[in-house]
Amino acid sequence: MRYWMIILLAGLLAGCLENDVPLPVIYGNVQKIEFEGQQKVLINTKTRTIELTLNDSVNIRKIRLKDLELSADAARPQEVFVTPKATIEVDSVFDLSEKLVFWVNTYQSYEWTVVTEQPIERYFTVENQVGEAMINVEQNRVMVVVEDGQDLENILVSGVKLGVVSSTYIPDPETLTDFSKMQIIKVVSYGDTVDWKVRINHPVEETSAVTVNAWAKFADFQGKISAGQSGTPAFEYKRENASNWTRLEAEVNGNSFTAKATGLRARTAYLVRPVFGEEPGEEVPFTTEAAEQIPYSNFDLWYMDGKAPYVGEEGVQTWDSGNKGGAGFGVIPTTEEKSDKIKGSAARLQSKYMVKFASGSLFTGQFVKLKGMNALLDFGIPYTCRPTTLKGYYKYKTSPVTYFGKNDRFKFLDGTNDSCHIYVALCDWTEPFHSDSGEEVFADYSEKNSSIIAYGELKNDRTMDAYEEFTIDIKYRDVTRTPKYIVIVASSSKYGDYFTGGDGSTLWIDEFELGFD
């Protein structure tokens, strides 16, 4: 009996040891994918997104998957003994009018997203037309301008295409002649019906038009006063399907007048029109921008990669830190803070000296690799919204500056308080900024750099007993351009990039949020 108990215990122990061995990280990637009607496809294994373009001869709601090739790619050099499997199958039919989400499974599960567009050639032509028709796809509106002498009750329609190739129209546009008022044409495609609103007008003086700069939650309006125009100028605006207009008094400067509408909803269609006295002018449609947050900015979700913690989810590259560099020397500058926080978890960034001085940091982007004792970093992630503030909470413990980097270039800071630094930049970049700490290649956020559309920062060199709320105003240097990348950085030592700061300086951050008012 004793002999068999020993064997049983040994077996149980072996089972426990086997279960404690972590599974290797094997990424499940898509190498090739083909859908019916596919014109172009772009596969991004970093973001696990697939950008798909379809031709307009297929039904986007019923698209067959023709081919799918997967790969299992090890996170570190090693043999791979797993076959990747997807949760979608070839010859299945999908509705690609919305994002398609599926998973590729190895030892782990990886989420992939298919984003589809279906460019459709659209036109509306009539006899005696001036220029091309103005077609607003988001609002299903068509505006056609005809010559002054053309009778609006006797219009000859010569060609129409507002939907996919197989669309039908009710009524047949070529049977319509009276456009003295708006006409509604039903466009039927694969069982779906969309009402298109068609207006035909004579040329309108350019001076009566309204220029709109629409942000996420506000919009700037500008109008012009034509010669001989009477009545006090103002604006009226409303949501597209609303009944009542909201009036805005305008500020007049010469022959132009301006106003700002606030409290708008993001990603919403509106109409605005100039008003002179009580006489309204031409309606101009506009749509507000999106108001998207950066994922994991509350710092509640962390994962482990080796011995180092990181913000977010494994395989989703949003936030990174210098931990990959410090971990090789047994130092982890950036950690999850579970007790001293506002809610959930916070991030704790501590400056430490190892072989070199290292600042605790968090940034949107990616730690690429070490080059000798120095770091190669990619700063910034794709982003196209226009926030106006960055809000959050922070606490700081400063230390005297005792490390001064290369050639003691920052020796003048000797004995002064170290400073933390939090900043946000919106950039007109085509790719992340490739930073090299050894060569001191860093992004230039000064006003002389035209690629920086907006910038805001916070610096502090005092020790704080508790968290304090902060608001960074993001100051726009150009209000006409849309950004392509966003950089958010938090550092426990402002000059940490130059290996300068105080050992032990610590920054706690929590609950970051972008504002759009």
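**Aromatic rings in a predicted model**

Student: Which ring does the charged end of R273 sit over?

Tutor: Welcome! Keep in mind that this is a predicted model. The charged end of R273 lies 3.8 Å from the centre of a ring, and that ring belongs to W245.

Student: What is the distance from the charged end of K356 to the centre of the ring of F499?

Tutor: Here the residue with the charge is K356, and its charged end sits over the ring of F499. The distance to the ring centre is 4.3 Å.

Student: How many aromatic pairs does a search of the whole structure find?

Tutor: Ring pairs link F221, F235, Y237, F257, Y270, F276 and F286 into a cluster. Searching the whole structure gives a total of 26 aromatic pairs.

Student: Why is the pair of Y423 and Y445 called tilted, rather than stacked or edge-to-face?

Tutor: The two ring centres are 5.1 Å apart, and the planes meet at 55 degrees. Stacked needs under 30 degrees and edge-to-face over 60.

Student: Is Y423 buried or exposed?

Tutor: The relative accessible area of Y423 is 8%. Buried means under 20%, so Y423 is buried.

Student: How is the pair of F442 and Y498 classed by the angle between its planes?

Tutor: F442 is in the loop between β38 and β39, while Y498 is in the loop between β42 and β43, 56 residues apart. Their rings are 5.0 Å centre to centre, with 75 degrees between the planes. That makes the pair edge-to-face.

Key
Residues are numbered from 1 along each chain as its sequence is written. This is a predicted model: local features need pLDDT of at least 70, side-chain atom pairs count only at pLDDT 80 or more; totals for chains, interfaces and linings use all residues. Side-chain values use heavy atoms; hydrogens and water are left out. Rings of Phe, Tyr and Trp (its six-membered ring) pair if their centres lie within 6.5 Å; planes under 30 degrees apart count as stacked, over 60 as edge-to-face and the rest as tilted. Buried means under 20% relative accessible area, exposed over 50%, partly exposed in between (1.4 Å probe, protein chains only). Helices (H or I, at least four residues) and strands (E, at least two) are DSSP runs, numbered from the N terminus. A charge sits over a ring if NZ of Lys or CZ of Arg is within 6 Å of the ring centre and within 35 degrees of the ring normal.
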